[in-house]
Amino acid sequence: MKRFRKVIFWCHLAAGSFAGLVVLVMSLTGVLLAYERQVVAWADARGLQIAPPAPGAARLPLGTLAAAARAVKPGATPSTLTVRADPAAPAVVGFGREGVVLVNPYTGEALGEGSRGARGFFRAVTDWHRWLGAGGEGRAAARAVTGACNLAFLFLVTSGLYLWLPRSRTRKQFRNVSWFRRGLSGRARDFNWHNVVGLWSVVPLFFVVLSAVPLSYTWAGHLVYRLAGETPPAPRGGPAPGGAQTPGGRPPAALPLDGLDPLLARAAGQVKGWRSISLQLPTEPAAPVTFTIDTGDGGQPQRRAQLTLDRATGGVVRWEPFESLSAGRRLRSYLRFAHTGEVLGIAGQSVAGLASLGGAALVLTGLALAWRRFRAWAARRPAATPAPTAPAPGLLSGARSD
């Protein structure tokens with residue numbers, strides 16, 4: 001058992017030394033991203049919150065809202081349109097990665113593109129979290145690095161729990177590694193902090209790190225479906241970010257959105273207590289129209305449902321509440337939002353953010369302990385002794401030279 005523990009320890013030390021700096025970057029950026037959705041919504045709403053409409057006021061047609069947004073971004077094609085149950089909330093027209101435009105749903109006034117500063121900040125933080133700030137062709141290599149370091153972090157979390165167990169299972173020893181102790185410095189302080197933070201972070205960190213593996217590797221995403229006894233779905237193609245493109249690379253002309261408003265009313269009546277409805281704007285005149293109906297805060301997949309309607313007849317093509325999805329799809333959705341804690345709402349986001357902060361503390365204290373160990377090892381190495389100087393021939397033979 002002692003030998004096994006020693007092997008685990010050295011593997012733990014090696015993995016931490018290899019992946020430490022990358023894990024530190026991912027942990028710190030994870031803290032900054034903890035409340036991204038709420039911060040962006042707050043930043044967008046500053047100065048853009050519309051006055052409550054008069055009683056009985058009707059929203060403008062969806063085509064009018066999309067046209068108002070296109071006037072702000074004339075070279076882009078809208079891909080989504082979101083309306084909220086809150087009458088004081090603007091409609092949001094999305095243009096893929098090119099941003100959004102907020103529109104007053106009662107007057108058609110384009111309110112602007114939201115907070116560019118907040119969106120740009122979180123986009124930069126996300127780039128560092130996923131790709132270490134790399135862009136273009138360098139992202140594939142950076143993603144391989146972050147994926148490998150995330151796997152190393154998963155090993156660190158699981159092996160750290162084993163190493164946390166004191167060798168002598170006394171109450172005093174457990175207390176020493178379960179809570180912060182005052183008056184410590186140097187190695188003793190780093191050791192205490194590393195153990196205490198690791199203990200209180202291990203459970204949420206395990207789920208945060210584990211749920212990131214399917215996001216990093218296709219094989220891991222497929223494994224989720226296979227564990228549920230299902231065949232992984234085939235990769236789905238889609239339009240380029242910012243909207244569909246013609247073969248020549250030009251954005252297509254705006255498709256007429258006439259007739260979509262009755263479908264929106266049909267979707268609104270499908271689920272009581274909805275808070276937002278997002279419409280995937282159709283790219284073909286006869287294509288079915290898909291609505292995502294959300295009764296949560298936007299990050300809880302279990303509170304979402306999709307309704308697909310025939311554009312010509314208004315009939316239901318497909319109705320997919322979350323509970324009707326296959327076990328594999330539900331598990332995959334849970335894992336996606338478990339990584340950010342959003343699956344449990346604001347409380348889950350807070351726990352995930354604190355766990356990421358704990359991950360950063362574990363890296364810093366772990367690297368400090370590794371450095372102290374290296375310095376102690378270097379100090380214990382025997383100093384090199386100089387080679388003996390050959391004596392004069394006369395001294396060797398004992399002869400005198402007069």
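Is Leu362 buried or exposed, and what is its relative accessible area?

1. **Leu362.** This is a predicted model, and the comments below should be read with that in mind. Leu362 sits in helix α11. Its relative accessible area is 14%. The cut-off for buried is under 20%, so Leu362 counts as buried.

2. **What Leu362 meets.** Leaving out residues up to four places away in sequence, Leu362 touches His194, Val197, Gly198 and Leu205.

3. **The chain overall.** The chain has 402 residues, and 39% of them count as buried. It holds 12 helices and eight strands. Take the contacts between residues at least 6 apart in sequence: 61% of these join residues at least 24 apart.

4. **Helices α1 and α11.** Packed helices are described by the angle between their axes and the distance between the axes. Helix α11 covers residues 345–380. Its axis lies 8 Å from that of α1, and the packing angle is about 140°. That angle makes α1 oblique to α11. The two cross in a left-handed sense. Sorted by class, the contact of α1 with α11 has 14 nonpolar residues, eight polar and one charged.

5. **Helices α1 and α4.** Helix α1 spans residues 2–32, and helix α4 spans residues 116–131. Their axes are 9 Å apart, at an angle of about 155°. This angle makes α1 roughly antiparallel to α4. The reason is the cut-off: angles over 145 degrees count as roughly antiparallel. The crossing of α1 past α4 is left-handed. On the α1 side, the contact is made by Val25, Met26, Thr29, Gly30 and Leu32. On the α4 side, it is made by Phe121, Phe122, Val125, Trp128 and His129. By class, the contact has seven nonpolar residues, three polar and no charged ones.

6. **Helices α8 and α10.** Which way is the crossing of α8 and α10, left-handed or right-handed? First the geometry. Helix α8 takes in residues 218–227, and helix α10 takes in residues 327–338. Their axes come within 8 Å and cross at roughly 135°. That makes α8 oblique to α10. The crossing is right-handed. Helix α8 contributes Gly221, Val224 and Tyr225 to the contact. Helix α10 contributes Gly328, Arg329, Leu331, Arg332 and Leu335. The class count for this contact is four nonpolar, two polar and two charged residues.

7. **Val202 in helix α7.** Val202 belongs to helix α7, residues 186–216. It is buried, with a relative accessible area of 14%. Setting aside neighbours within four places in sequence, Val202 is in contact with Val157 and Leu161. Thr158 lies 44 residues from Val202 along the chain. The C-alpha atoms of Val202 and Thr158 are separated by 8.0 Å.

8. **Asn195 in helix α7.** Which residues does Asn195 touch, not counting residues up to four places away in sequence? They are Trp164 and Val177. Asn195 has its place in helix α7. Its relative accessible area is 10%, so Asn195 is buried.

9. **Leu132 in a loop.** Look at the backbone here. Leu132 has a phi near 55°, a positive value in a residue other than glycine. Leu132 lies in the loop between α4 and α5, the latter being residues 138–164. With a relative accessible area of 23%, Leu132 is partly exposed.

10. **Thr292 in strand β6.** Thr292 is found in strand β6, residues 289–294. Its side chain makes a polar contact with the side chain of Gln306, at 3.5 Å.

Definitions and conventions
Residues are numbered from 1 along each chain as its sequence is written. This is a predicted model: local features need pLDDT of at least 70, side-chain atom pairs count only at pLDDT 80 or more; totals for chains, interfaces and linings use all residues. Side-chain values use heavy atoms; hydrogens and water are left out. Helices (H or I, at least four residues) and strands (E, at least two) are DSSP runs, numbered from the N terminus. A polar contact is a pair of N or O atoms within 3.5 Å; within protein, one must be able to donate a hydrogen and the other to accept it, and residues adjacent in sequence count only if both atoms are side-chain atoms. Axes are lines fitted to C-alpha atoms, for helices over the stretch in contact, and angles run from 0 to 180 degrees between N-to-C directions. Angles under 35 degrees count as roughly parallel, over 145 as roughly antiparallel, 65 to 115 as roughly perpendicular and the rest as oblique. A crossing is left-handed if the near helix is turned anticlockwise from the far one by less than a right angle, and right-handed if clockwise. Contact means heavy atoms within 4.5 Å. Ala, Val, Leu, Ile, Met, Phe, Trp, Tyr, Cys and Pro count as nonpolar, Asp, Glu, Lys and Arg as charged, and the others, Gly among them, as polar. Buried means under 20% relative accessible area, exposed over 50%, partly exposed in between (1.4 Å probe, protein chains only).
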